[in-house]
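Student: I'm new to this one. Could you show me how to read it, one feature at a time?

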Amino acid sequence: MKKFALIASVLLCVLSFAFLAGCKEKTETSKKTTELAVVTDVGQLMDGGFNQGTYEGVKTYAEANGKTYGYYQPENGSDANDNDRIAAMELAIENGAKVIVAPGFLQAAAMTTVATAHPDVKFVFVDGWSLGLSNVTAISYKEEESGFLAGYAAVMDGYSKLAGVFGGGGANPACNRFCFGYMQGANAAALSKGTTVDMKVSFLYGENFTASPELQAMVAQWYASDTEVVFSCGGSMVNSVISAANEAQTGRIIGVDTDQYSLSERVITSAVKGLAASVELVLSEYYAGEWDSKLADKTSNLGAAEDATGLPTADHSWRFNTFTKEQYTTLFNQIKNGNLTINNTTPANSAEWTAAGLLLTNINFQLVE
C-alpha cells in the first residue's frame with residue numbers, strides 16, 4: 001500500500017507540474033503584444049490556401065515595416081461558431097491589436113459585434129463585404145475570372161473530363177464564383193475547339209473546408225471513372241483530393257487561392273487571387289493615413305485589372321503540356337482590359353446549377369449531390 005501511495009503521490013506531482021507549466025505557457029502566450037492580428041477562418045493557418053495567403057500578406061507587411069504581428073485560431077476548429085470567433089478577436093484586442101485581418105465570409109457576424117464594441121480598432125474583412133461600420137473595410141475578388149482561366153486552360157491543354165469540389169456547402173459566394181467561372185471557361189475552350197467536355201461539380205463534404213474520408217472516396221471514384229482533372233476549391237479539402245489523385249496515379253488537380261504547386265506534383269495549375277498583395281495594399285493605405293478616404297466602410301473588389309486574379313506563370317508552376325504562357329497572356333489581357341467579361345451571377349440552388357450547366361452548350365454537366 002505504501003508503494004502504491006508513493007507512486008500515486010509522484011504521479012500527482014508530475015501531473016500538477018505539467019498543469020502549471022501548461023498554464024504558464026498559456027499565460028505567456030496571452031500576454032504577447034501584437035499590433036497586427038490575423039483571426040483565421042475554419043481550417044488550419046498554414047492550409048496552403050486562404051488562411052495562409054492572408055497571413056503571409058500580414059507577415060510580409062509587418063516584417064518590412066517593423067510591426068508586430070500574430071495569429072489567432074478560434075476554438076473548436078472546423079466547428080467554430082460566432083462566439084469562438086468573437087473570443088479570438090477580443091483576445092487579439094486584449095493583446096494590443098490595432099488592426100484585425102479576418103478572412104472568410106463566416107466572420108461577418110462576429111466582426112460586426114466586435115467592431116461595434118471597439119470603434120478604435122480597424123478590421124479588414126477578406127472575402128467579405130461592407131458591414132456599415134466606419135472601422136471595417138472589405139476585400140473581395142472576382143473569383144470567376146481565375147476559375148474561367150483554369151477551366152479554359154485545362155481544356156485547351158487537352159483534358160476533356162473535368163470535375164470540381166467546392167467548399168461552403170453551396171453557400172460560399174467566393175467558391176460559387178470560382179465554380180461558375182470554371183464551368184464557363186471549360187465551355188468556352190471546348191466551343192473554340194469544336195469539342196465537348198464532361199463536367200462533374202459537387203458541394204458535398206466541403207461545408208467546413210476540411211479534408212475527410214468521404215471527400216477522398218468520392219474523388220477517388222471519379223478518378224477511377226476516367227475523370228482527369230479535379231478543381232479543389234476549399235482550404236484543406238485539397239489534402240483529400242491529393243490522396244485520391246495519388247491513389248489513381250494519373251489524377252490531376254487544379255489548386256485554389258494561392259499557388260499550390262508545392263503541395264503535389266499532380267497540381268497542374270492554381271486558380272489564384274492576390275490575397276497577400278491585397279492585404280499588404282490595405283495595410284499600407286491604413287498606415288499612410290488613408291483609412292477614412294479610401295477604406296472606411298468600403299469594399300475593394302479586385303480582379304485581373306488589379307492583377308489580383310489569374311493563374312501562376314512561374315516556370316515551376318506551369319505544368320501544362322500544350323497550352324502556352326503566350327496563349328494564357330492573350331486571354332488574361334482580354335479580361336484585364338475589359339474585352340472579355342465572365343458572368344458572376346451564380347446559381348442559388350441545385351436546380352439553378354443544373355439549369356446553368358445545361359445552358360453551357362459544350363459541357364455535359366452533372367451536379368453530384
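This is a predicted model: local features need pLDDT of at least 70, side-chain atom pairs count only at pLDDT 80 or more; totals for chains, interfaces and linings use all residues.

Student: Where is Q184 found?

Tutor: In helix α6, which covers residues 173-193.

Student: And is Q184 buried or exposed?

Tutor: Look at relative accessibility here. Buried means under 20%, and Q184 has 14%, so Q184 counts as buried.

Student: How do I read a nonpolar core? Which residues have the most contacts inside the largest one?

Tutor: Think of buried nonpolar residues joined through their side chains. The largest core here has 49 residues, and F166, M183, M199, V201 and F231 have the most contacts inside it. Helix α6 gives the largest share of this core, nine residues. Apart from it there is another core, of 25 residues, including V124, A296, L302 and A308.

Student: What does M199 touch?

Tutor: Again leaving out neighbours within four places in sequence, M199's contacts include L162, Y182, M183 and A186, along with I363, N364, F365 and Q366.

Student: Now pockets. Which residues lie nearest the centre of the second largest pocket?

Tutor: A pocket is read through its space and its lining. This one holds about 300 Å³. Of its 25 lining residues, F50, D127, N172, A174 and K273 lie nearest the centre. Helix α6 turns up here too, with the largest share of the lining, five residues. By class, the lining has 11 nonpolar, eight polar and six charged residues.

Methods: Residues are numbered from 1 along each chain as its sequence is written. Side-chain values use heavy atoms; hydrogens and water are left out. Helices (H or I, at least four residues) and strands (E, at least two) are DSSP runs, numbered from the N terminus. Buried means under 20% relative accessible area, exposed over 50%, partly exposed in between (1.4 Å probe, protein chains only). A nonpolar core is a set of buried Ala, Val, Leu, Ile, Met, Phe, Trp, Tyr and Cys residues joined through side-chain atoms within 4.5 Å. Contact means heavy atoms within 4.5 Å. On a 1 Å grid over the protein atoms alone, a cavity is a set of points where a 1.4 Å probe fits but cannot get out, and a pocket is an open set with protein on both sides within 12 Å along at least five of seven lines; lining residues have an atom within 4 Å of a point. Grid points are joined across faces, edges and corners, and a volume is the space filled by probe spheres set on the points. Ala, Val, Leu, Ile, Met, Phe, Trp, Tyr, Cys and Pro count as nonpolar, Asp, Glu, Lys and Arg as charged, and the others, Gly among them, as polar.
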